[in-house]
Amino acid sequence: MSSHLPPRGSRKPERPGQQPQPSKPGEEPPLWAPWYGIGLLAAVKRPFSKYTDFSGRASRGEYWWFFLAYSLVVVVLYAIFGILGIIFGVINANSLGNQAMAENVMAPPGFTAVKVLFQIIFVVLSLGLLLPYLALTWRRLHDANYPGPYFFLGLIPLIGPILLIVYLAGASKPEGARFDRPR
């Protein structure tokens, strides 16, 4: 028998430097480790379990499932707001370039309250997700073996967001394990 076989109950890592995945369905790796093959619901919940943890790594699945869920929430809220705008009969004639019409159109009294409510929801949602999203992005960059501060490349006009997307979409690299902090 060979002594270099993985212990029973765990699979050999798919890539060097990657933690062994649990062999039992439903088990998840420890919070400090990236979760390769994560599902949508787990990927949405996991960043909130370690929302202030900038060490370690996050798999592509962890990042992109969370990004998809967040984007869907924003699109749904915008759609609801747009539908309510149509229901209340609000026409933004000013955006259509008709200044004379814009001066004659008044928003119904209830719409202003709905508009303020939705603005509050967006601010609360944005502030509530800012830190978990920043930490998740930081950890995703670590998994691709880039330093977390590369997040700020996204602030460079035009080329920055493109570079950041390329880095975030990159494959996991075994060298990224240097960012792990097992607990």
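This is a predicted model: local features need pLDDT of at least 70, side-chain atom pairs count only at pLDDT 80 or more; totals for chains, interfaces and linings use all residues.

Analyst: The questions below go from the whole chain to single residues.

User: What makes up the secondary structure of the protein chain?
Analyst: The chain has five helices and zero strands, giving the pattern α-α-α-α-α along the sequence. Helices (H or I, at least four residues) and strands (E, at least two) are DSSP runs, numbered from the N terminus.

User: How does the span of H2 compare with the expected value?
Analyst: The expected span of a helix is 1.5 Å times one less than its number of residues. Helix H2 (residues 60-87) has 28 residues and reaches 40 Å from its first C-alpha to its last, close to the 40 Å expected.

User: Why is Arg-46 called buried?
Analyst: Buried means under 20% relative accessible area, exposed over 50%, and partly exposed in between (1.4 Å probe, protein chains only). Arg-46 has 3% relative accessibility, so Arg-46 counts as buried. This residue is in helix H1 (residues 40-49). In the protein chain, 30% of the 183 residues are buried.

User: What makes the pair Arg-46 and Glu-62 a polar contact?
Analyst: A polar contact is a pair of N or O atoms within 3.5 Å; within protein, one must be able to donate a hydrogen and the other to accept it, and residues adjacent in sequence count only if both atoms are side-chain atoms. The side chains of Arg-46 and Glu-62 are joined at 3.0 Å, and the pair is a polar contact. Glu-62 is also among the buried residues of H2.

User: How do you know that the buried residues of H1 line one face?
Analyst: The buried residues of H1 are Ala-43, Arg-46 and Pro-47. They fall within an arc of 95 degrees seen down the axis, so they line one face of the helix. The arc is that of the directions from the helix axis to the C-beta atoms. Turned away from this buried side are the exposed residues Leu-41 and Lys-45.

User: Which residues of H5 are buried, and where do they lie?
Analyst: In helix H5 (residues 159-169), Gly-160, Leu-164, Tyr-167 and Leu-168 are buried. Their arc around the axis is only 95 degrees, which puts them on the same side of H5. The face turned away from that side carries the exposed residues Ile-162 and Val-166.

User: What makes up the largest nonpolar core?
Analyst: A nonpolar core is a set of buried Ala, Val, Leu, Ile, Met, Phe, Trp, Tyr and Cys residues joined through side-chain atoms within 4.5 Å. The largest one has eleven residues, including Tyr-63, Phe-66, Leu-136, Leu-164 and Tyr-167. H2, helix H4 (109-143) and H5 each give two or more residues to this core. Another core, of five residues, lies apart from it and includes Val-74, Leu-77, Phe-118 and Phe-122.

User: Why is Leu-158 called exposed?
Analyst: Its relative accessibility is 77%, so Leu-158 counts as exposed. Leu-158 is in the loop between H4 and H5.

User: What is the phi of Leu-158?
Analyst: Phi of Leu-158 is near 65 degrees, a positive value in a residue other than glycine. Most residues other than glycine have a negative phi.

Terms used: Residues are numbered from 1 along each chain as its sequence is written. Side-chain values use heavy atoms; hydrogens and water are left out.
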